[in-house]
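Here is a quick walk through one structure, written for someone who likes to check things by eye. Keep the viewer open as you read.

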Amino acid sequence: MYLIRGIIIFHFVCICFAAETTKSISVRTGNQLAVLEFEGWSISEPLTQHLTEEFRETVRDLKMYQVQDRGITNQFNIFKPRKKDYWSCWSEECAIDLGRRLNVNYVIAGNIQKKGDDEFLIKGRLFSVDMETMLNEFALNSSGITDSLLLEMKKMAYNVSGLVAPDTLSVGTDLSQVAASDDIKRKRQWIQLPPIPSKIKALMMSTALPGSGQIWAERKYPGYGFMGAEATLGLAALIAYYQYDKAWGGFQENYTKYQSETDPHEIMELRPQIIQYAADTKTYNAFMKNIRSVGLSIWVVNMVHAYLVAPNDDFFDGEYFFDLEYKPDVNQVQLNVNF
Amino acid sequence: MSIFKQMKFAFGILTILSLLNLSCEDAVYDLDNPNDPENMDLDPPALFFHPSEINTKVDSSFSVQLYGLKLNPAAAAHLDVRYDWRGVQVDSVVADTFFQSLNDPFQIVIDDRQGTVDIFIYLLPDTLIDQNEGGTWSLATVYFTATSTRGSELLFGENTRMRDANNDPVGVRSFGSGFINVE
């Protein structure tokens with residue numbers, strides 16, 4: 001009996017000590033969180049930084065974690081100089097090691113990948129430094145523009161914080177909270193014009209700057225080709241114009257002297273120079289005219305090409321400011337413009 | 001605006017301006033200077049008077065250059081100049097650049113008879129040259145005084161000839177003429 005009592009008391013004491021031990025661990029486990037810079041795949045570095053910072057701010061606002069400041073977190077570059085990709089910190093070992101160096105309890109590492117024209121995949125991992133394990137892994141799909149990406153980052157921040165993302169966050173009515181850039185706010189004050197179809201936009205871009213429409217339409221090689229061709233022609237034209245201008249200056253100077261000169265010797269000296277300079281101006285002028293013809297031809301081809309390769313929107317549906325449709329009753333294709 | 005966007009914008013402007021500025025005017029000219037020997041219907045090598053027409057007044061002095069057009073290298077010349085002694089008289093003759101060399105002065109002999117002036121010019125050889133390089137240069141300048149309103153025509157006589165350093169004839173295909181109008 002005494003033995004049984006002794007065992008029960010021993011277990012009780014052990015449980016009490018265990019509870020005490022757990023308590024001491026929970027005291028040590030704080031809520032310091034470091035958000036490592038997200039890695040961007042096929043998206044620009046400033047955008048990645050902006051999205052990471054937005055994510056960081058959202059998590060901080062939710063007050064579930066004490067989010068470490070961006071400047072301190074980025075000090076890990078000093079600890080471990082490496083390239084700007086954090087894939088090497090996708091593993092537990094790396095993240096936990098960094099978390100210890102940064103003196104935080106949790107670490108979030110992630111990446112943003114561009115999967116298609118307008119589709120993005122956001123991945124993130126939450127590591128516990130104290131428990132030396134990965135607590136959670138997140139993956140979100142986003143399609144659309146930067147605003148949509150920001151929304152997804154906010155959703156991820158809610159997920160990381162263990163909260164449910166509010167409905168108002170996803171309906172897109174509260175975009176002003178998401179738009180951190182002043183430019184976006186400024187755009188909202190402007191008159192909202194009807195959307196421009198992608199083909200027309202590409203056409204306009206390539207009209208203004210050859211090749212830019214193709215580049216915008218993700219046809220980079222043809223785009224750079226057109227841009228390079230026009231640049232080469234432009235450079236050749238500039239060189240030809242410089243030569244022409246030089247010859248024209250020489251022609252004018254010598255011809256003026258010739259007209260006022262009375263000494264036959266000087267006149268005989270000037271005569272061949274005038275003829276040579278005049279021939280040079282004609283040569284360079286003809287060269288420039290040829291360049292103009294070729295350049296304009298390439299320009300037109302570039303415009304048509306940009307129109308053809310641009311994504312085909314369904315812009316003949318009446319929502320846009322013009323509508324092209326076939327009227328079988330009059331057997332005509334009609335263009336309607338809406339204001 | 002990022003640097004890349006600025007570069008794109010500048011490149012676009014440059015390209016457009018380049019293509020717009022591609023057309024310039026062609027050089028149009030007319031080599032019609034009356035003092036141009038090419039407009040004097042001379043067949044070079046030639047000798048001519050410059051200026052070919054002089055308007056002056058009685059008792060006024062004026063000068064006429066005896067010019068060579070695309071002459072071959074020469075070392076001496078005999079210029080037989082004919083004029084109307086009743087309208088003008090020769091004051092002096094000065095040699096010009098055609099026979100100048102390092103050895104300056106050269107020799108010039110003037111034999112002025114009525115209506116004819118014979119000018120003998122020699123290039124004095126130096127260590128480098130014994131004849132000139134030819135070309136279009138003035139051989140000599142003749143100073144006249146108009147004595148009456150009769151005026152005078154200026155011609156090269158049949159004794160006009162040129163020689164090179166080997167005393168071989170230097171061909172002159174055509175001779176120009178001049179005219180002096182006296183008011």
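## Ground rules

This is a predicted model, so to speak of local features here takes a pLDDT of at least 70, side-chain atom pairs count only at pLDDT 80 or more, and totals for chains, interfaces and linings use all residues. Residues are numbered from 1 along each chain as its sequence is written, while chains are lettered from A and ligands numbered from 1 in the order in which they are written.

## Chain B at a glance

Chain B has one helix and twelve strands. Both kinds of element are DSSP runs numbered from the N terminus, with helices being H or I of at least four residues and strands being E of at least two. Reading from the N terminus, the order is α-β-β-β-β-β-β-β-β-β-β-β-β.

Of the 183 residues in chain B, 28% are buried; that takes 20 or more other C-beta atoms within 10 Å of a residue's own, whereas exposed means 12 or fewer and partly exposed is in between, with C-beta atoms placed from the backbone. Among contacts in chain B with a separation of 6 or more, 77% link residues 24 or more positions apart. A contact here means that the C-beta atoms of two residues, placed from the backbone, lie within 7 Å.

In β1(B), residues 46-50, five of five residues are buried. Both faces are covered: A46(B), F48(B) and H50(B) lie on one side, with L47(B) and F49(B) on the other.

Strands count as paired when DSSP finds at least two bridges between them. Two bridges tie β1(B) to β11(B) (residues 174-175) in parallel fashion, and there L47(B) sits opposite F175(B). With β3(B) (residues 61-71) the arrangement is antiparallel, with five bridges; A46(B) has L69(B) as its bridge partner there.

## Two cores

The largest nonpolar core has 37 residues, and L66(B), V81(B), L139(B), A140(B) and V142(B) have the most contacts inside it. Such a core is a set of buried Ala, Val, Leu, Ile, Met, Phe, Trp, Tyr and Cys residues joined through C-beta atoms within 7 Å. Strands supplying at least two residues each include β1, β3, β4 (76-82) and β12 (178-182) of chain B, but β8(B) gives the largest share, six residues. Beyond its neighbours within four places in sequence, A140(B) has contacts that include L66(B), L79(B), V93(B) and I121(B). A second, separate core has 33 residues, among them L51(A), A95(A), I108(A) and L150(A).

V90(B) is 27 residues from V117(B) in sequence, yet their C-alpha atoms are 8.0 Å apart.

## A helix in chain A

Helix α5(A) (residues 92-102) has A95(A), I96(A), L98(A), G99(A) and L102(A) buried. They span an arc of only 160° around the axis, so they share the same side of α5(A); the arc is that of the directions from the helix axis to the C-beta atoms. Just after this helix, N103(A) adopts a positive phi of about 60°.

## Where the chains meet

How many residues of chain B are in contact with chain A? There are 24, touching 33 residues of chain A. On the chain B side, α1 (3-20) and β8 (135-146) each supply at least two residues, and α1(B) gives the most, seven.
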